[in-house]
Each structure stands twice: as structure tokens, then as C-alpha cells.
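Colleague: I have a structure open and want to learn how to read it. Can we go through some features one by one?

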Amino acid sequence: MENKKTILSAIQPSGALTIGNYLGALKNWAALQDEYNCCFCVADMHAITVRQVPAELRKNSLDLLALFIAAGIDVEKHILFIQSQVPQHAQLSWVLTCNTYMGELSRMTQFKDKSQRYSGSVAGENINAGLFTYPSLMAADILLYQADLVPVGADQKQHLELARDLAVRFNNAYSETFKVPEPYIAKVAARIMSLQDPFSKMSKSDDNANSYILLLDPIDTAVKKVKRAVTDSGAEVKRGEGKEGVENLMNIYSAVTGKNMEEIELEFEGKGYGDFKGTVAESVADCLRPIQEKYNDLMKNKDYLQEVYTAGAQKAQGLANKTLRKVYKKVGFLQ
């Protein structure tokens, strides 16, 4: 790989992605490719902390791989792989788990949130040790590739902090082994909220299907969802208290078109919400259409997708094994 800093990014294949996932993550990742060496991961091992239907997990993993490519990830220049096909993730995870304190894991807000959310449900019958220890696996994901930077949202900051702590702890105990990764904060980070409740992040798990736009929603469905989005009782397209719904649509429009908020307010000065929503809906349609066309083409050529993830796994294993061999030697395993 070229002498550039390395970035690692991963998404779980836990179902369809929303436009929020694209605008907040994938679109930014694609923009990083000229400046950094990038490792992009379909994190299927993380997905099984919640019981999965095997056929659905395989389908979701392939779908996500195709969406990475459709969103602009260049598989010739960068590494795109499926986590479970690189066994070094599990191998390093065990070593790091043995260097992780129970108190650190018990403080993870995602474990608390998920275990409470699943309590009393079918998923709650499987509140397992993996759900508790998976931050150590996440640390392994990052440290295996000697990543300099990791794009993180607010809900992942704790996990990156743990990865940093584990890197320092291991380096102090066994000598310099891991790079200590830094968070990558995008210059323009789109945080897309629910179309029906602009105080909540857009999520495909929302009970109201009108609250989110899926990357693979039919175009006319996506347009209707934008037009049904909550705004307020006023008529002005501007930011401010009580204008959270309008501001959310402005954020979507900004992320899709590259226009800043001042330009958007000026564009719709004197116009009503009908014109505004119609324009946002058209811009969303223009954003989704090429992604869906590329995705559909890729899904017709599953042999190519298999070639991509096979080659990606080989490249990832080559990098990961360099780190794992050092770790195994330092902890005392025979080589």
C-alpha cells in the first residue's frame, strides 16, 4: 500500500441502509480514497451478537458489499472485505479480551442500551457474552491494520477510546506493537434525523416506515417520504428553535447538493414548504438513482462480487497477519 495514512471503516450487515448511513458515512468514505489507504469492512461477526437467520445474514452481507461499491468505493485501490473471512480478527480479539477489564466493558453504553432494549423480547433470551465483549473485537478490527484514523460518530467514541486504551496497555506491557488510532472527524458530517421525529436519529428500526429513507427504496417511495416529512406550522425555510423538521430537510439537501445552509435559506426565501419539499425530494431521487442502478447491475453479477470479497480477504489477511504474528510472539505463543 502507498505511504499514506490508513483509515479503517466498518458497517454491520444488519439490514438495509438508510440515506442517513450513506450521507453520514459511505459518501464521506468514498471522498477519502485519494488521500488515504482505506480498509472497508462488512462486519458480519459483530452482527451475530443478536441471533441472525443465516440465509438473511449471507444476503445482507452481499447486499452491503454491493452497496459499498455502488456508493463509490474503489476495490482496485483499496481493501474491501468481509470480516469473518479474515480469521485474524477473532484471533487478535481473544488476546485483547484478555487485556480488557470487566469494568471497561460494563461501562459501554451500547451494551446497556441493547441489553435493556432486548430485555423481555425474543432477542432478550440471547443477551450473550459476545454482546458484552464485542468492543474488544472492534478494537481488534482497528488495531490489526495499524489504522491511523477511524471515522466515528457520537455512538462509537467509547469504542475507539477502548481501542486506544488497549493499544497503549499492550504496548506498555509487551513493547511497541500497535499504532494508537485517532478519531477521524469529517469536515462536513451529515447527521440525518428521523423524517417524523427530528429529535431522533434516522433509523431503519423505527416502527414508522415514513421516518426513514432506505438506499434501496423505490424512487417514488423516497419522494413521498420526503413530502410527508414533518416541518412546523410556519412557512419559512430557515433554521432556528421550533424548526427542527425543516432544518433536518435542509441538512439532507445540503449533504446531497453541497450547498451550505445560508445558500439554502436564500434559495427558498419567499417560497413555501411545498416548493422546498419538492426540491429536496428531487435531489434525494437524483442521489439514489445512480446508486440503485449500480447496485442492481452488481447483484446480477454475483461471480464478480465473489471475486471482490475473495481478493479483499486475501489482501486483508496479508496485512492482518503481520500484526498478529508480532502479537503472538510477544505474548509467548510458539510460532
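Colleague: Is phenylalanine 333 buried, partly exposed or exposed?

Modeller: Keep in mind that this is a predicted model. Buried means under 20% relative accessible area and exposed means over 50%. Phenylalanine 333 has 40% relative accessibility, so it counts as partly exposed.

Colleague: How many aromatic pairs does the structure hold?

Modeller: There are ten aromatic pairs. Take tyrosine 328 and phenylalanine 333: their ring centres are 4.8 Å apart. Their planes stand at 85°, so this pair is edge-to-face. Elsewhere, Trp29, Phe40 and Phe68 make up one aromatic cluster.

Colleague: Where is aspartate 148 found?

Modeller: Look in the loop between α7 (129-143) and β4 (149-151). Aspartate 148 has 15% relative accessibility, so it counts as buried.

Colleague: Which backbone nitrogen does the side chain of aspartate 148 reach?

Modeller: That of threonine 6, at 2.8 Å. Leaving out residues up to four places away in sequence, aspartate 148 touches Lys5, Thr6, Lys179, Pro181 and Glu182.

Colleague: What describes two packed helices?

Modeller: The angle between their axes, and the distance between those axes. Here, α10 (residues 244-257) packs with α12 (residues 273-299) at about 40°, and their axes are 10 Å apart. That angle makes α10 oblique to α12. The contact includes Val246, Leu249 and Met250 of α10. From α12, Tyr273, Phe276 and Lys277 are among the residues in the contact.

Colleague: Is the crossing of α10 and α12 left-handed or right-handed?

Modeller: The α10 and α12 crossing is left-handed.

How values were computed
Residues numbered from 1 in each chain as written. Predicted model: local features only at pLDDT ≥ 70, side-chain atom pairs only at ≥ 80, totals over all residues. Heavy atoms only, no water. Phe/Tyr/Trp six-rings, centres within 6.5 Å; stacked < 30°, edge-to-face > 60°. Buried < 20%, exposed > 50% of the residue type's maximum accessible area, 1.4 Å probe, protein only. Helix = DSSP H or I, 4+ residues; strand = E, 2+ residues; numbered from the N terminus. Polar contact = N/O pair within 3.5 Å; in protein donor to acceptor, adjacent residues only side chain to side chain. Contact = heavy atoms within 4.5 Å. Axes fitted to C-alpha atoms, helices over the stretch in contact; angles between N-to-C directions. Parallel < 35°, antiparallel > 145°, perpendicular 65-115°, else oblique. Left-handed = near helix turned anticlockwise from the far one by under 90°.
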